[in-house]
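My notebook is open and the structure is about to go up on the screen. I'm jotting down what I look up as I go.

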Amino acid sequence: MKSNSSPNDIPSKFFKIASCIVSEGLSEFFNKCMTTGEFPGSWKIAHITPIPKVHSPSSSSEYRPISVLPVLSKLFEKILYHRVYSYLTEHNLMDKRQCGFRENHSTELAITTIYDELLKNFDNKLITCSLFLDLLKAFDCCDQEMLLDKLYHYGIRGVSHKLFANCLHNRKQCTKIGEFKSSCKSISCGSLRVVLFRLCFSLFTLTISQKHPLFILVYLLMILISICQIPLLMFFRQLLTLNYVKLTTG
């Protein structure tokens, strides 16, 4: 974990140095949160630092917002992340075609899968049509209630579901530039790019690849839809028919 300061001004370096002293107390506190489904309110406040994307930014879109969360919040969310990921993997709930935010999955695997699919369709004399969808600010637009419904659908219920609801709800953020800090504002969508939200977003998009009849490969925020069921002869026949219609109507 990086050694920057968190919103509560406790640097992560402190927990590294004093780990042998505070680990037992933190373990008991984390377990208490899991058994009660409570998430501390002070962990839900993030400091947003705008970092310029270009040399001389002239608009807000030319800044990249960097969210700094409390150290204890990130530690706890990493524990939850590994528990939820183990649960999803053990029950085979993650689609094998989904490469984003998964262990032993990468851009190389996504590209190799696409390449193999292209070769297979070429051998079968099929035309492959690909549609790339780039989800702009997908994390910030993800509805929290829909996400909680997804978690419930995949078996995360009871106290665990309550813990996720408390983790996502009533989050706040403020902008900090140097020594100046704005007032805190509540957010209703997304979750400040918390550690857990990356995994939750994978679950949020999981039904796309499960329900759609086409071959779909999901990597990070890029969704590839490959239509691989068009026979070569049919494709040229439709192409010729289209050209004929253009000639006769033109």
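First, a term I need: a polar contact is a pair of N or O atoms within 3.5 Å; within protein, one must be able to donate a hydrogen and the other to accept it, and residues adjacent in sequence count only if both atoms are side-chain atoms.

Ground rules next. This is a predicted model, where local features need pLDDT of at least 70, side-chain atom pairs count only at pLDDT 80 or more, and totals for chains, interfaces and linings use all residues. Residues are numbered from 1 along each chain as its sequence is written, and side-chain values use heavy atoms, with hydrogens and water left out.

**Entry 1: R171**

I looked up what the side chain of R171 touches. It reaches the backbone oxygen of C167 at 2.7 Å, and it makes a polar contact with the side chain of E77 at 3.2 Å. R171 sits in the loop between α7 (158-168) and β4 (172-177). Helices (H or I, at least four residues) and strands (E, at least two) are DSSP runs, numbered from the N terminus. Is R171 buried or exposed? R171 is buried, because its relative accessible area is 0% and buried means under 20% (exposed is over 50%, partly exposed in between, with a 1.4 Å probe and protein chains only).

**Entry 2: α6 against α7**

I checked how helix α6 (residues 144-153) packs on α7: the angle is about 160 degrees and the axes are 10 Å apart. Axes are lines fitted to C-alpha atoms, for helices over the stretch in contact, and angles run from 0 to 180 degrees between N-to-C directions. So α6 and α7 are roughly antiparallel to each other, a label for angles over 145 degrees. The contact (heavy atoms within 4.5 Å) is made by Q144, L147, L148, L151 and Y152 of α6 and H161, F164, A165 and L168 of α7. I sorted these contact residues into seven nonpolar, two polar and no charged. For that sorting, Ala, Val, Leu, Ile, Met, Phe, Trp, Tyr, Cys and Pro count as nonpolar, Asp, Glu, Lys and Arg as charged, and the others, Gly among them, as polar.

**Entry 3: P50**

I found P50 in strand β1 (residues 45-52). P50 is partly exposed, with a relative accessible area of 26%. Leaving aside neighbours within four places in sequence, P50 is in contact with Y63, R64, T175, K176 and I177.

**Entry 4: the whole protein**

I noted ten helices and eight strands. Of the 250 residues, 34% count as buried.

Conventions: Angles under 35 degrees count as roughly parallel, over 145 as roughly antiparallel, 65 to 115 as roughly perpendicular and the rest as oblique.
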